[in-house]
Structures are given as structure tokens and as C-alpha cells.
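Trainee: I would like to learn how to read a model like this one. Could you take me through it feature by feature?

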Amino acid sequence: MKKLNLNEVQFPFFLVWEITNKCNSKCIHCYNNSGLPRKQELSRESIAKVCDEIISNKVLRVDVIGGEPLISEHFDYITDRLKNFVSLTLITNGICLKNTKILRNYSQIQVSLDGLSADYSAARGVNKFPAVKSNLKKLIAIKGPEIIASITLTKLNLSKISKIIEFCIENKIKHIKLSEFIPLGRGYSQKQRLEPDAKEYAKIKALIKKYSGKCRFEWESVPKLNSNSQIMPINKNWLCISSEGEIMPDPFIPLSIGNVKDISIEKAWNAGKNSKRLTFSTILNNEEKDKILSFNKLLRCDLFTK
Ligand code: SF4
């Protein structure tokens, strides 16, 4: 197998693109504090520029996330621009499906499902389980994209996971993603109430074995960061773009290596490759270190944009 030499890679293979922070749900665990759009979300002109870069650099895969991407005014445009060039994945809450035809262009559609009926409303702050249930049926009927049910594990739903899995099996959803709780954004203030401990996660891992012949399971862990954790601005083969155009090494770390309004993704990526390894303690002062988990502040790291 050929070993990947990052110096030979001129552009990330894979982009996670938050196309808006606007959301029609109010999840108590939302790591992104989504709800209202951010102040300076990208204009159509900047969005077109990002699409041009993605296409000309032959990116393999783009994950379209939010907020809720399906309520973004740019969703159809982005899908139409990228559909013939890139493998597309959509991360949605599934509340609002306006046009299933355009969704045929996606390889995977991941729909959040943290509970059923009243448990759904308790986790998501909106009473939309009937709409999501009906939309899941429509999505399964599209026959094309792989439909994935995505469950964020919190203390509120641990005892209900079997019921959610059985609901998925009954509704012909064959792929379930279980994500560990992320103590960022709104989740930060709810950490004590919501975060499962290691034993509780282990019980869920044991539970899903019971269903392993019926569904494919994916487990998303959350790295435990502290002020000595190291950050490499470019240490993988992917990057994130925020709805305001910040180019970020990771959606969970409030560090930007430039903004697409000022710099091309290619330039930021290649500048970042030559940068040194940083720790949180080298880039954050004490006050900011305390705030890191609140994700309230985005730090611009000009070192990588020179
Ligand atoms: S978790 Fe997803 S659906 Fe819920 S508020 Fe955040 S962005 Fe919206």
C-alpha cells in the first residue's frame, strides 16, 4: 500500500461544509449552538467560489451539514453545482423535506433520531417526531441514498436505545450511527445532566451486539481534549468550512486557518502544511482555555494564512 505523503496532497480529499447555522430544531445537546444564522454567513458569490474550488480540485466527498441544511436558501444551488463531481452526504434533522428529487443526488442521508414520540420532543425541543417518521418513509422510498439513523447518546435516552433500534429495523433503516455526547455549545451547559459515563457507553456497546445481524452500527467517539492536547492544523486529509467561511481543521475546535472570503482553500491548506504543531495552551490564554468547550469564540490563527 502506498503511504500518504501529505506534502504531495495539494488539496483536502474531503470537506465538511456547514452551509448555515440556521436550524428549525432546538436540541438541548446541540454542540453547535444552532438556531439563528451566524452574523456573516456566506453570500451566493462566496458559495459559488467554494463550489468552483471543490470541483477544480477534484474533492472526493463533501458532507453538507448545518444548522439544518435543508432550510438553507443555498441548499439546492450547492447540490446542483456539486452533484456530478463529488460524492455528497447530507446530515439533516429530517423535519422539513421539501423536494425529495434533489436528494437522489446524495450517496448518504443521515437523519437524527435521538428518541421516539415524547422522548424526541424532550431531546430536540420541538414536537416533530410525526413529521420525521413520515419523512423517513419518504427517504427510504427514494431508493438511492443510503439512509442512516443518527442517535446522539445522552443520559436521557440510554434506556430507550433498544426501542429506537427496533423502530429503525421495522422501518427498513439498516445503518445506525451512535454518537457520544459532545460537551460543546448548548451541550456544555447540560454536561452534568446529559453526559453518559464510560460504563454507560459500555452497556450500549454490549446492547447493540444483540442487533448486529439486523443492522450495521457505527460508533462515533469524542476525543477528550485538555490544554496540552496537540493540534495540527493540517494533519488529516480533510477540512471544515463554517457557514461564515472560516476554514477549520476540525468542527469541534474553535480555530480557523483563514476565511474563504479572503483566501483560497488551497492556499490555506498548503500554508498550514508547513506550520508547527500547537497545543491549546500555546494558542489560548487562561480565560480562553476555560471557554474552549463553550465554542463561543472562534480564534483566527494568522500564522497559517501568511
Ligand atoms: S443538533 Fe442538529 S438539529 Fe439539533 S439544533 Fe443542532 S444543528 Fe439543529
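Mentor: We will go from the whole chain to the sheet, then to single residues, helices and the ligand.
Mentor: This is a predicted model, in which local features need pLDDT of at least 70 and side-chain atom pairs count only at pLDDT 80 or more, while totals for chains, interfaces and linings use all residues. Residues are numbered from 1 along each chain as its sequence is written.

Trainee: How many helices and strands does the secondary structure of the chain come to?
Mentor: Helices (H or I, at least four residues) and strands (E, at least two) are DSSP runs, numbered from the N terminus. Here the chain has twelve helices and 13 strands.

Trainee: What percentage of the residues in the chain is buried?
Mentor: A residue is buried if 20 or more other C-beta atoms lie within 10 Å of its own, exposed if 12 or fewer, and partly exposed in between, with C-beta atoms placed from the backbone. Of the 306 residues in the chain, 37% are buried.

Trainee: And how do I read contacts in the chain?
Mentor: Two residues are in contact if their C-beta atoms, placed from the backbone, lie within 7 Å. Take the contacts between residues at least 6 apart in sequence: 76% of them join residues at least 24 apart.

Trainee: What is the strand order of the open sheet?
Mentor: Two strands pair if DSSP finds at least two bridges between them. The open sheet has nine strands in the order 7-6-5-4-3-2-1-9-10, and its pairing is mixed. Strand 7 (216-220) and strand 10 (247-248) are at the edges with a single partner strand each, so one side of each has no neighbour in the sheet.

Trainee: Which way do the paired strands run?
Mentor: Let us go through some pairs. Strand 6 (residues 175-179) and strand 7 run parallel, joined by five bridges, and Leu178 has Trp219 of strand 7 as its bridge partner. Strand 1 and strand 2 are also parallel, with five bridges; there, Val16 is partnered by Asp63 in strand 2. Strand 3 (residues 87-92) pairs with strand 4 in the parallel sense over four bridges, and Thr92 has Val111 of strand 4 as its bridge partner. Strand 4 and strand 5 run parallel over five bridges, with Glu146 of strand 5 as the bridge partner of Gln108.

Trainee: Why is strand 2 described as largely enclosed?
Mentor: Four of the five residues of strand 2 (residues 61-65) are buried, so the rest of the structure largely encloses it. Strand 4 is likewise largely enclosed, because four of its five residues are buried.

Trainee: Is Glu18 buried or exposed?
Mentor: Glu18 sits in strand 1 (residues 14-18). It is buried, because 26 other C-beta atoms lie within 10 Å. Beyond its neighbours within four places in sequence, Glu18 contacts Ile65, Gly66, Gly67, Cys240, Ile241, Ser242 and Ser243. Glu18 and Ser243 are 225 residues apart in sequence, yet 5.2 Å apart from C-alpha to C-alpha.

Trainee: Where is His74 found?
Mentor: His74 is in the loop between strand 2 and helix 2 (75-82). With 21 C-beta neighbours inside 10 Å, it counts as buried. Leaving out residues up to four places away in sequence, His74 touches Ile19, Arg44 and Ile47.

Trainee: Which residues of helix 4 are buried?
Mentor: In helix 4 (residues 117-124), they are Tyr120, Ala123 and Arg124. They cover an arc of only 80° around the axis (taken from the directions from the helix axis to the C-beta atoms), which puts them on the same side of helix 4. Helix 5 (129-142) is part of what covers them. After helix 4 comes Gly125, with a positive phi near 70°.

Trainee: What about helix 10?
Mentor: In helix 10 (residues 265-273), Ile265, Ala268, Trp269 and Gly272 are the buried residues. Their arc is only 100° around the axis, which puts them on the same side of helix 10. Their cover includes helix 1 (44-56), strand 9 (238-241) and strand 10.

Trainee: Which residues surround the ligand?
Mentor: A residue is near a molecule if its C-beta atom, placed from the backbone, lies within 6 Å of it. The residues around the ligand include Cys23, Lys26, Asn32, Glu68, Asn93 and Ser112.
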